[in-house]
Amino acid sequence: MQKYLAVLLLLIWSCSLKAIDNYQITKTTPSDVYEKLYIINQEIKILKQFFHVTAQVKPSNITTELYPRHMWQKTYEVLVKINLLREKYGLPYIAVSSREPRKAPPPIIVYEQMLRILTEIKIIKYAFNIPNIEFPVQKFTNIKVVDSFNFISNISAELDLLLGKSLTPSFVFAQAMRISEDINAILDVLDITNDSIPPPKDTNTTPQESYETAQKLMTEVARLQRMTGVNGIEFKELRPEKITPGDVFSMTGILLAELQTIKAYLGLKHALTPVARRYTGIVPADVEQVLGWCVRKVQLIESIN
């Protein structure tokens, strides 16, 4: 009898955990994410006031369909910039985490990142003795992922104003190296020998040319997505009018988001993208060379079974 009761209690406990899990996943929507973005934006306004930053950003207006995986990568970008803000004011730099590859991650993974961003902002406010304010909850409905993406893109630009600069080629290079490691993991599981070599480095390369190479790589990754039946995106619509290193960084985030779908399809559940290393003295030519090599490596993949 005791054994029966123990088994019954275990079943009830496991079902409860599953119910909680499903509740969180199904009840977290892009609208919930947008509500947190609204609070983050209010917190950024307080930081701008405190640091006497009066400049304004030009609102982002992307219209293409996006998925939670793209939002997650944009939150990664924001956390990188918050880290730089920490460093600027004497707080220790903290590595930004990676995540487990999934074909179609749910909105809750983005909501988690919202909470992390809010926590990091509160830490900065605490360090400067900035009073904490409880903002009234603003409810939003019918929000799409692209709406949140535009909002967080504006927040990312606001952080550039707080930093007094945007991301440099050194940070873009770190992203390119992470992309390279993901591609290496894909080649390994497909048992493809990488006999490619890096393209020659052109010292006159500009951020725009690095961006063009990133788009070539996106075309190749989209080819792999078609092989695996994964929904890609109209990435060419993401192209800004004037390319900066920060724009190339954003494009590498989109690339990393798309590569996670391929890794998930291939069962590389535990092959997390490596934490970004810190580099100095990097120029656009270095970025373009690594991305160009990534193009050559992906072109080695002719089929995915």
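Tyr34, Tyr38, Phe140 and Phe151 make up one aromatic cluster in this predicted model, where local features need pLDDT of at least 70, side-chain atom pairs count only at pLDDT 80 or more, and totals for chains, interfaces and linings use all residues. Residues are numbered from 1 along each chain as its sequence is written, and side-chain values use heavy atoms, with hydrogens and water left out.

Ten aromatic pairs turn up in a search of the whole structure; rings of Phe, Tyr and Trp (its six-membered ring) pair if their centres lie within 6.5 Å, with planes under 30 degrees apart counted as stacked, over 60 as edge-to-face and the rest as tilted. One of these is the tilted pair of Tyr38 and Phe140, at 5.9 Å centre to centre and 55° between the planes. Tyr38 belongs to helix 2 (residues 30–50) and Phe140 to the loop between helix 4 (108–127) and helix 5 (145–163), 102 residues apart; helices here are DSSP runs (H or I, at least four residues), numbered from the N terminus. Tyr38 is partly exposed, at 23% relative accessible area, and Phe140 is partly exposed at 22% (buried means under 20%, exposed over 50%, partly exposed in between, with a 1.4 Å probe and protein chains only).

Phe51 and Tyr89 are stacked, because their ring centres are 4.5 Å apart and their planes at 20°. Phe51 lies in the loop between helix 2 and helix 3 (68–88) and Tyr89 in the loop between helix 3 and helix 4, so the pair ties together parts 38 residues apart in sequence. Phe51 is buried, with a relative accessible area of 17%, whereas Tyr89 is partly exposed at 29%.

Definitions and conventions:
Helix = DSSP H or I, 4+ residues; strand = E, 2+ residues; numbered from the N terminus.
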